[in-house]
Amino acid sequence: MGRTLAEKVWDDHVVRRAEGEPDLLYIDLHLLHEVTSPQAFDGLRKSGRRVRRTDLTIATEDHNTPTIDIDKPIADPVSRTQLETLRKNCADFGVRLHPLGDVEQGVVHVVGPQLGLTQPGMTVVCGDSHTSTHGAFGALAFGIGTSQVEHVLATQTLPMAPFKTMAITVDGELPEGVTAKDLILAIIARIGTGGGQGYVIEYRGSAIEKLSMEARMTICNMSIEAGARAGMIAPDETTFAYLKDREHAPKGADWDAAVEYWRTLRTDADAVFDHEVVIDAAELAPFVTWGTNPGQGAPLSASVPDPDSFTDPSEKLAAAKALEYMGLEPGKPLREIAVDTVFVGSCTNGRIEDLRSAAAVLKDRRVADGVRMLVVPGSVRVALQAVEEGLDKVFTEAGAEWRHAGCSMCLGMNPDQLKPGERAASTSNRNFEGRQGKGGRTHLVSPQVAAATAVLGRLASPADLSDATELAGV
Amino acid sequence: MEAFTTHTGRAVPLRRGNVDTDQIIPAHWLKKVTRDGFEDGLFEAWRKDPEFVLNRPERQGATVLVAGPDFGTGSSREHAVWALQNYGFKAVISSRFADIFRGNSLKNGLLTVVLPQETVDRLWELTEADPTAEITVDLVERKVTAPGVEVGFDLDENARWRLLEGLDDISITLRHEEDIAAYEAKRPSYKPRTLPV
């Protein structure tokens, strides 16, 4: 019987297989950041171990880093200590680090792909659940805990329990104004936050094949929000074109050998998935969340649901609690929800195409009075590219704040946070209670919806803007 | 890792599903560089409510958390497991756990037990009616018992063995150092290296 893409990549990394034991998998790339690594390095020190493969390991600073005044000392002493700890650990153990201020610094999941370090058929891990991002290249990439970070540092391997396979097939054309973010939010709403539990999801079908690499990263990034172990997309010409000539991409004869291998990384025609979901791209619309988990979403044209409309008792309770936290009444049209903050950035939507699509909406428009809009590029390289294209000017002229690269308001570990009761339209990945600041309320949206929302001050898509301007007689 | 064989303790019934790791330990606690001192951050936002179950006097000293489905979703932060352990929890029962959280818990000796939702419902009713009721989580016999409840649970044999013995994964893996070296010797040359080019 044929094998799926995920099974092929898994099989190629088995170091040891024994009855009754989890497979021991080799890890091709280990990404580190300041938050989930200090206790792992401590563990190495205590047991007198070294980093086995510093040449397969790379670190960057992203979660804690400020996005303004980066040339000044970090104000929060605890954040500063954590960054200093990473710097010391990388120096002591010989790990390559891109610290704040470095041209390669940025959100770890933006940095890996742009350096060309993420390639098809690799195993990629990081102490961060959004490692699933790298699956966009046909890599098997998963988030791990700190104990596993230590395990990979010491052995370059991980014992991994077997997984199940799920195919999510999206055929057809995405309608105008519908992005990868809308698609993945719709998928999570459909299968639920636990729907992917135990599975590696392969996204396939004509609508997926047409997506750019950056859009594919947005999709795979949020696989974890459906509870999946990982998300993957088979590599194709789009993947190869993205990688060609990147700093760490193979060169010369190595490139040819690599591409030859990469072309084999497709699910065989006779392979069988444990579960299959089919989605018609043409039926999708801009999608936003109304609740406090990423599965609580609906098309922008819908209204806040009534908790009583849920049949499952735990979903009903969750919806009621979510509406209470979000300060929303059932039946309120989503388009009438006013926001005071808009955040564009994160490992989900902080790449150059995301900034371009937000800027295209904002060009010659203004952020509504009383709305604060933060634009935080995913990496310094993304920021430089944006400046070259004049996007920073578009944002600042519209009244948005153009910030330095980092995770920023996605999780509010740095000073970029919502205040209690503030409501944000955010291109990030999690709308959990307090995620963007204590008492803050989050609606997950695409970059286009974020920009349109900033202009109108309420949840909106770019299509609403032309109506609004006509109505205003402009 | 501390070994886990069997544990008996009072319970905290947490009637919530989709308890994500941001709720278990908010991000601002993640700046610490140690594995301890997270107990005050556990469910920090909810604990501001004096009626929150963890704050009730009758739940003080409880060691078994009985939670709704999809416990531990979201971020991979192992700090969530440390916070539960630092607070004093020895076991968590739910009908479904997020994968990364489950893996983290078992690597730290916090036993996560999957039981059918009907059983979780019964444990909730039981421990709400009688806060002194004790739950026993027995990894040796692979069963959970409480007054009027006795139910088996699954855990893969390898994970169970490592928990029972309190074994350290890294030293187990390093016994197979030759296999790792043999694999490395045949890795293709086109695989990327992080060293500056």
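**Entry 1, the interface.** I worked from a predicted model. I counted contacts first: 76 residues of chain A touch 58 residues of chain B. I then looked up the buried area, which comes to about 5600 Å² between the two chains, with 54% of it on carbon and sulfur atoms.

I found twelve salt bridges across the interface. I checked A:Glu150 and B:Arg35, whose side chains form a salt bridge at 3.7 Å, N to O. Next I listed the elements of chain B that give two or more residues to the side touching chain A: helix 1 (21–24), helix 2 (79–87), helix 3 (99–108), helix 6 (169–174) and helix 7 (177–185). Helix 7 of chain B has the largest share, six residues. By class, I logged 23 charged, 18 nonpolar and 17 polar residues on that side of chain B.

I looked up the largest pocket and got a volume of about 950 Å³. It is lined by 35 residues, and I noted A:Ala161, A:Arg229, B:Asp99, B:Arg102 and B:Asp156 as the closest to its centre. Strand 7 (140–143) and strand 8 (157–160) of chain A each supply at least two lining residues, as do helix 3 and helix 5 (157–165) of chain B. Helix 3 of chain B gives the most, seven residues. I sorted the lining into 16 nonpolar, eleven charged and eight polar residues.

Note on methods. Residues are numbered from 1 along each chain as its sequence is written. Chains are lettered from A and ligands numbered from 1 in the order in which they are written. This is a predicted model: local features need pLDDT of at least 70, side-chain atom pairs count only at pLDDT 80 or more; totals for chains, interfaces and linings use all residues. Side-chain values use heavy atoms; hydrogens and water are left out. Contact means heavy atoms within 4.5 Å. Buried area is the accessible area (1.4 Å probe) that two parts lose on being put together, summed over both. A salt bridge is a side-chain nitrogen of Lys or Arg within 4 Å of a carboxyl oxygen of Asp or Glu. Helices (H or I, at least four residues) and strands (E, at least two) are DSSP runs, numbered from the N terminus. Ala, Val, Leu, Ile, Met, Phe, Trp, Tyr, Cys and Pro count as nonpolar, Asp, Glu, Lys and Arg as charged, and the others, Gly among them, as polar. On a 1 Å grid over the protein atoms alone, a cavity is a set of points where a 1.4 Å probe fits but cannot get out, and a pocket is an open set with protein on both sides within 12 Å along at least five of seven lines; lining residues have an atom within 4 Å of a point. Grid points are joined across faces, edges and corners, and a volume is the space filled by probe spheres set on the points.
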